[in-house]
Amino acid sequence: MKHLLAFLFLLPTLALADDWAAFDQPGAHAIMRHALAPGGGDPANFDIDDCATQRNLDDRGREQARRIGQALRDRGITFDRILTSQWCRSRETAELLGLGAVTDEPALNSFFQDRSTAQAQTGATRSIAQAAEGPLMMVAHQVNITALTGVFPSSGEIVVFRVRDGAVEVLGQIEIAP
């Protein structure tokens, strides 16, 4: 019984460590939920061009983004392009990862407040991944990631996936807590 409890205690760690190998799969891309930004949704006065009107990363979220970027660099994981939602919390996360130049991608913008664009944005994100010649890192929001992959990610969680014949296949999940 003692050994079983020890194994069960280690199981989440073992599963998490194994998911880094997902990046070695052909066609692997990463989509990451922005780092910790306390709260939910956005304020009523939300303006995409004014970070002061948005829910933003806190100090723990900024540190989380830096640690995630370092973990990727430590493992030699690189990306051809880093794409991000235009929301400030996503853009800041993408920049703090320190993985390269960051490009805004409107398909990754949150549709939490307006689900009418969910299908079109999810289709566009899937198409971007399928057409990519090399690995992508995308920084987005929970609703986008769930719509694309079926995974409900935590803040800062990376879902490694690929697209084959239009179908999304989840290869692994990596979470570095704030």
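From the N terminus on, the chain's elements follow the order α-β-α-β-α-β-α-β-α-β-β, where helices (H or I, at least four residues) and strands (E, at least two) are DSSP runs numbered from the N terminus. The model is predicted, so local features need pLDDT of at least 70 and side-chain atom pairs count only at pLDDT 80 or more, while totals for chains, interfaces and linings use all residues. Residues are numbered from 1 along each chain as its sequence is written, and side-chain values use heavy atoms, leaving out hydrogens and water.

**Exercise 1.** Work out which residues of H4 are buried and what they pack against.

*Solution.* First, the cut-offs: buried means under 20% relative accessible area, exposed over 50%, and partly exposed in between (1.4 Å probe, protein chains only). In H4, the buried residues are Ala118, Gln121, Thr122, Gly123, Thr125, Ile128 and Ala129. Then look at their partners, with contact meaning heavy atoms within 4.5 Å: strands S1 (29-33), S2 (81-84), S4 (136-140) and S5 (158-164), and helix H5 (142-149). Now zoom in on Thr122, which counts as buried because its relative accessibility is 9%. Leaving aside residues up to four places away in sequence, Thr122 touches Phe111, Ala147 and Leu148.

**Exercise 2.** Decide how far H5 is enclosed by the rest of the structure.

*Solution.* Begin with the buried residues of H5: Gln142, Val143, Asn144, Ile145, Leu148 and Thr149. That is six of the eight residues, so H5 is largely enclosed. Their packing partners are S1, H4, S4, S5 and strand S6 (167-174).

**Exercise 3.** Describe how helices H2 (59-74) and H3 (88-97) pack.

*Solution.* Their angle is about 40°, and their axes are 7 Å apart. Angles under 35 degrees count as roughly parallel, over 145 as roughly antiparallel, 65 to 115 as roughly perpendicular and the rest as oblique; H2 and H3 are therefore oblique to each other. As for the residues, Arg62, Ala65, Arg66, Ile68, Gly69 and Arg73 in H2 meet Glu92, Thr93, Leu96 and Leu97 in H3.

Notes
Axes are lines fitted to C-alpha atoms, for helices over the stretch in contact, and angles run from 0 to 180 degrees between N-to-C directions.
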